[in-house]
Amino acid sequence: MGNPYEISKLTLRIAEIMIDELKLEDVTPETFDPDIDLIDEVGIDSMDLATIALVLRDEYGIVIDEDDYPKLNTIGRIAAYIQERMDEAKQG
Amino acid sequence: MMNRSRPGCDRESRMEAQTHPVESTEQKTWKFSDIIGDPLIGARWEKVRRYFFLRESTYDMTNRCNIRCDGCYYFEGDKQFAHENQNPADWRSLMKAEKARGITYVVLAGAEPSLVPELCRVCFEEMPLGAIASNGLRPIPESVHYRIHISVWGDDETSLRVRKAKDMLVRQIANYQDDPRAVFVYTFTRENIEQIHGVMEVLSRHGCKVTLNMFSSPVGYTGPLRHTPQSLARTRQTMVALISEYPENLLFSPYSAVAHTHIHGLHVLYSCSYPRMNRSTAIGLGRSFRQYRADLSWDRTAACCVPDTDCTDCRHYAAGSAVVTARLFRHASDPDTFRSWLDYVDTYLAVWVMGYERGENLCDHMVAPPGHDLPEG
């Protein structure tokens, strides 16, 4: 598992991507609550998540399985998921 | 609570400034940003993604129909026995509740919505985006500004035999010629493939918009309308020929032909995301889609766009519109596959959304569905 500094950097970057791609207003990467429910409280749906997954694939080289979308309902969970995949890739 | 604006509106100028990457015939791993860096692809992506806010549900409006067709989905299963709720106030309450739970698009379907125009109007007043599936024999008032899908099952001789109704095409055209809401939906069965040429000629002469659908057997149906591998191949060849023959009137793409005539049905190709085949209630159609019966009840275990279809044989245009579209990620593998997906989504939006103007197909040839081969023949 990545260190807290890496995770928090990742969280900020995912928040930034989300704000940019989904044109979220009244929020900055710093004020984006990593535990807010993206589906219930932000109104994100599967097409939005697929779009974010494509940008994350470009940036981190990891593939988010379509079956995993339901689990990724907060930015914190997405960050942990990516970190886990990157750690797995490092370990070969 | 943060707000959302419609995505993508300020990105077109950026797209135009980007350069077109050199495409190689060698296998390469494409970045999504490179794929949408192509100005045509990028512009189409921005155009279609504005509609990602659409969340659909479907509603049976009556338990009656003015005709009775062989292989009709409505008169399979037990939904046909639902008591018909004709109270406009109940329908208005339902639409308000649907809006409150995030539904933005309604499909008014079985058995025949044109028999209850006042209920259609109530739905439209509450929910401005939607479509009505109709046999087109009774005109729906212009005040109901939904897309109207008029079902065509072959020429008038075939319609008389299969639908027991005389002069269907003549009456449908009389009711809906020059109506901007109308899209004629030609359903290919095993028996009517060649008849599309005559039907298409008549419809295009009258300036009608047309899209193509595949007969998908109701559960237990083994009759003569069910497709075979041979009829799927013949239908595909016919569809592709029609695309170049009727570019103005036909709303369809080469990838639509592949997706709907493959030897595998939509569920095997794309994993159907409707509740009936999808247990997850966390996100997407599995979370929001409901299929209401005429008594305004709904049952998650039976919910899909055309209930009582045999899922292994499902190639229905309504199903594809949601199921293929939902598989954005797996189509973003290379420019041609993504172009094909964009053509599919562009077609679907033109067929279902009033005012959406379809562009030219970006991919002029057939591309295999991700993870599968191109169909033979």
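Predicted model: local features only at pLDDT ≥ 70, side-chain atom pairs only at ≥ 80, totals over all residues.
Local features require pLDDT of at least 70 and side-chain atom pairs pLDDT 80 or more, whereas totals for chains, interfaces and linings use all residues. Residues are numbered from 1 along each chain as its sequence is written, and chains are lettered from A in the order in which they are written.

Q: What distance separates the end C-alpha atoms of helix H4 (residues 88-100) of chain B?
A: Helices are DSSP runs of H or I with at least four residues, and strands are runs of E with at least two, numbered from the N terminus. The expected span is 1.5 Å times one less than the number of residues, and for the 13 residues of H4(B) it is 18 Å. The separation of the end C-alpha atoms agrees with this, at 18 Å.

Q: Which residues of H4(B) are buried?
A: A residue is buried if 20 or more other C-beta atoms, placed from the backbone, lie within 10 Å of its own, exposed if 12 or fewer, and partly exposed in between. The face turned away from the buried side carries the exposed B:Ala89, B:Lys96, B:Ala97 and B:Ala100. The buried residues are B:Trp91, B:Leu94, B:Met95 and B:Glu98.

Q: Which element of chain A gives the most residues to the side that touches chain B?
A: Residues are in contact if their C-beta atoms, placed from the backbone, lie within 7 Å; 25 residues of chain A contact 19 of chain B. H1 (4-22), E1 (24-25) and H2 (46-60) of chain A each supply at least two residues of that side of chain A. The most, 10 residues, come from H2(A).

Methods. Contact = placed C-beta atoms within 7 Å.
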